[in-house]
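Trainee: I'd like to learn how to read backbone and packing features in a model. Could we go through one together?

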Amino acid sequence: MERNDLCWCGSGKKYKKCHMPIEEKMMVHAEKGEIVPSRKLLKTPAQIEKIKTSAALNTAVLDEVAKHIRIGMSTEEIDQIVYRFTTEHGGIPAPLNYQGFPKSVCTSVNNEICHGIPDKNVILREGDIVNVDVSTIVDGYFSDASRMFKMGNIPENAERLVRVTEECVKLGLAAAKPWGHLGDIADAINTHARANGYSVVEEIGGHGIGLAFHEDPFVSYVTPKGSEMLLVPGMMFTIEPMINEGSPEFYVDEDNDWTVYTIDGGLSAQIEYMVLVKEDGVEVLTK
Ligand code: MF3
Ligand code: CO
């Protein structure tokens, strides 16, 4: 690409006024041995617009769940709400048939860390904490976010875990800066979780997203500050730490091959934001 060519991203600007300075800056970091994103991880303005439409529906689906979730409801009913609302608004639930996943949403209760499968026999009870993880496809573009829901009065330890998990994600977001690193986010999250006596799940993490459900990079929440991939404008990924009361170790359900449980039966909480790195900061696309 020559400096006076139109930029590859389709912005209509000359390369020298658009991605050339970004790529030159990336090259300086790469020469120091840092991990830098490939060009295909930098979303173009046209892609960003499409992905924002998907993300807006994803947030609306979560709002719909928030409106209807209640004690006595089965997680299967949450699945029905997600399926109906998403398809009525022109979207497709991304989990449905994803690598054999049988439902439209993940619902993970109490000691379930993630990837809980909605079930008519799983009834939400007073005191439960439940993560509802919604992912949406609109016009081929992907979005992903999750919230924690508290069922009525919950035990003090559950209350504290959910509060600290919220704080972790907010601190992670605050640590996310263009030209910083993914490890800055991880360090902010891990430090706060550990200071509160909790652990962060290591082997399962976040991911790039937008053109596919799961893109590079893998996003760890336990890596050191300044490590991992450079954060370059145009990158999109999720901040979705899983915080455990006890051990970070887990096992996967042998029957369904999906649901991830804490090994010690302790509670786990997760909140997921999907973000876009911009030249002047980081924007939350869905949460
Ligand atoms: N929403 C999950 C994530 O954050 C993806 C789960 S894959 C599924 O990455 F098939 F279980 F939906
Ligand atoms: Co995700």
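Trainee: Where does His115 lie?

Mentor: His115 lies in the loop between E3 and strand E4 (129-138); strands are DSSP runs of E with at least two residues, and helices runs of H or I with at least four, numbered from the N terminus. This is a predicted model, in which local features need pLDDT of at least 70, side-chain atom pairs need 80 or more, and totals for chains, interfaces and linings use all residues. Residues are numbered from 1 along each chain, and side-chain values use heavy atoms, without hydrogens or water.

Trainee: What is the phi of His115?

Mentor: Most residues other than glycine have a negative phi, and most peptide bonds are trans. Here, the phi of His115 is positive, near 60°. Asn110 also has a positive phi, about 55°, and sits in the loop between strand E2 (106-109) and strand E3 (112-114). The peptide bond from Asp216 to Pro217 is cis, with omega near 0°, and Pro217 belongs to strand E8 (residues 215-219).

Trainee: At what angle do H4 and H5 pack?

Mentor: Two packed helices are described by the angle between their axes and the distance between the axes. Helix H4 (residues 156-175) and helix H5 (residues 182-195) pack at about 150°, with axes 8 Å apart; axes are lines fitted to C-alpha atoms over the stretch in contact, and angles run from 0 to 180 degrees between N-to-C directions. That makes H4 roughly antiparallel to H5 (over 145 degrees; under 35 is roughly parallel, 65 to 115 roughly perpendicular, the rest oblique). Residues in contact (heavy atoms within 4.5 Å) include Val164 and Leu171 of H4 and Ile185 and Ala188 of H5.

Methods
Chains lettered and ligands numbered in written order.
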